[in-house]
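Biologist: I would like to learn how to read a protein model. Could you walk me through one, feature by feature?

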Amino acid sequence: MTKSFKNEWNGAPARLIPSPTRDTLTKQEIKMAYQQPYGQPGYDQNYLWNIFQRVDKDRSGAISSEELQQALSNGTWTPFNPETVRLMIGMFDRDNNGTINFQEFSSLWKYITDWQTTFRSYDRDNSGSIDKNELNTALTSFGYRLSARFYDILVKKFDRSGRGVINFDDFIQCCVVIQMLTKAFQGYDTNRNGWITIGYEQFLSLVFSIKT
């Protein structure tokens, strides 16, 4: 038994990005920490170290998912999506100990601030959330070619507020999951034509191998 799938991805996967922190970290602090692109002059390690210490509440020298969630804001005064936090910790936790050290935090922070910039550029009405049309514009610009019906599915899946929109933290999760699924799909799309034919067990292996 085989299943055929078509992928309407065309272009580079979406680049993922971070947000400002609630209560403890301000927009100005984020701007000062990243006045220029990562790795370029102006990347202030000392300032970022101060932020790291403020997020590291228990002074363990590493940041847990709970500490990171408390420090991040999604712009709606509600807790940052724990699934998004878990995904990001997993992406940058290179030693797989469930926390992130300062070096890992530096990469994560750049990722979040970049995501914030991207989110704001597609939040055309400055509502603090992304609606279906804005999500369509964002993902299309990333290179994805998806149907209107699929965008309905995405909004339903990632709309935790029940208002038909996607908040900042859920937007990150949505993009990360799509990127992971696309990467897994491309592993089988050897002809790079957007179609794959795989057996049922291969399909299950593909789904369960994705780290989400």
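Modeller: Happy to! Let's begin with contacts: of those in the protein with a separation of 6 or more, 66% are between residues 24 or more positions apart. Keep in mind throughout that this is a predicted model.

Biologist: How many helices and strands does the protein have?

Modeller: There are 9 helices and 4 strands. Following the sequence, they come in the pattern β-α-α-α-α-α-β-α-α-β-α-β-α.

Biologist: Which residues does UniProt list for "domain: EF-hand"?

Modeller: The unreviewed UniProt entry lists residues 43-78, 110-145 and 146-181 under that name. We can describe two of these spans from the model. Residues 110-145 are 67% helix and 6% strand, with end C-alpha atoms 27 Å apart. For residues 146-181 the figures are 69% helix and 6% strand, and the end C-alpha atoms lie 14 Å apart.

Biologist: What share of the residues is buried?

Modeller: Of the 212 residues, 46% count as buried. As for the surface, the protein exposes about 11,500 Å², and carbon and sulfur atoms supply 51% of that.

Biologist: Now for charged side chains. How many salt bridges are found in the whole structure?

Modeller: The search gives 5 salt bridges.

Biologist: Are Asp 114 and Lys 110 buried or exposed?

Modeller: Asp 114 has a relative accessible area of 14%, so Asp 114 is buried. Lys 110 also counts as buried, at 15% relative accessibility. The cut-off to remember is that buried means under 20%.

Biologist: Which residue forms a salt bridge with Asp 152?

Modeller: That partner is Lys 132, and the closest N and O atoms of the two are 2.8 Å apart. This pair links distant parts of the chain, with Asp 152 in helix H7 (residues 148-158) and Lys 132 in helix H6 (residues 132-142), 20 residues apart. Asp 152 is partly exposed at 42% relative accessible area, and Lys 132 is partly exposed at 28%.

Biologist: What about Arg 160: which residue does it bridge to?

Modeller: Arg 160 forms a salt bridge with Asp 170, and their closest N and O atoms are 2.7 Å apart. Arg 160 lies in the loop between H7 and strand S3 (166-167), while Asp 170 is in helix H8 (residues 168-188), so the pair ties together parts that are 10 residues apart in sequence. Arg 160 is partly exposed at 45% relative accessibility, whereas Asp 170 is buried at 1%. There is also a network of salt bridges here, linking Arg 160, Asp 169 and Asp 170.

Biologist: How many disulfides does the search find?

Modeller: A disulfide is a covalent bond between the sulfur atoms of two cysteines. Here the search finds 0 disulfides. Take Cys 174: the nearest cysteine sulfur, that of Cys 175, is 5.2 Å away. For a disulfide, the two sulfur atoms would have to be within 2.5 Å. Cys 174 is buried, with a relative accessible area of 0%, and Cys 175 is buried too, at 1%.

Biologist: Last topic: how many aromatic pairs are there?

Modeller: The count comes to 13 aromatic pairs. In one of them, the rings of Phe 92 and Tyr 111 have centres 5.2 Å apart and planes at 65°, so this pair is edge-to-face. Phe 92 lies in helix H4 (residues 82-92) and Tyr 111 in helix H5, so the pair ties together parts 19 residues apart in sequence. Phe 92 is buried at 11% relative accessible area, and Tyr 111 is buried at 9%. Trp 115 and Phe 142 are also edge-to-face, at 6.2 Å centre to centre and 75° between the planes. They link helix H5 to helix H6, being 27 residues apart.

Biologist: Which residues form the aromatic cluster?

Modeller: The cluster is made up of Phe 80, Phe 92, Tyr 111, Trp 115, Phe 119, Tyr 122, Phe 142, Phe 168 and Phe 171. Among them, Trp 115 is buried at 0% relative accessibility, and Phe 142 is buried at 14%.

Technical notes: Residues are numbered from 1 along each chain as its sequence is written. This is a predicted model: local features need pLDDT of at least 70, side-chain atom pairs count only at pLDDT 80 or more; totals for chains, interfaces and linings use all residues. Side-chain values use heavy atoms; hydrogens and water are left out. UniProt positions are given in the numbering used here, feature names are shortened, and annotations may be inferred rather than shown by experiment. Helices (H or I, at least four residues) and strands (E, at least two) are DSSP runs, numbered from the N terminus. Buried means under 20% relative accessible area, exposed over 50%, partly exposed in between (1.4 Å probe, protein chains only). Contact means heavy atoms within 4.5 Å. Accessible areas come from the Shrake-Rupley method with a 1.4 Å probe; for residues, only the protein chains shown count as cover. A salt bridge is a side-chain nitrogen of Lys or Arg within 4 Å of a carboxyl oxygen of Asp or Glu. Rings of Phe, Tyr and Trp (its six-membered ring) pair if their centres lie within 6.5 Å; planes under 30 degrees apart count as stacked, over 60 as edge-to-face and the rest as tilted.
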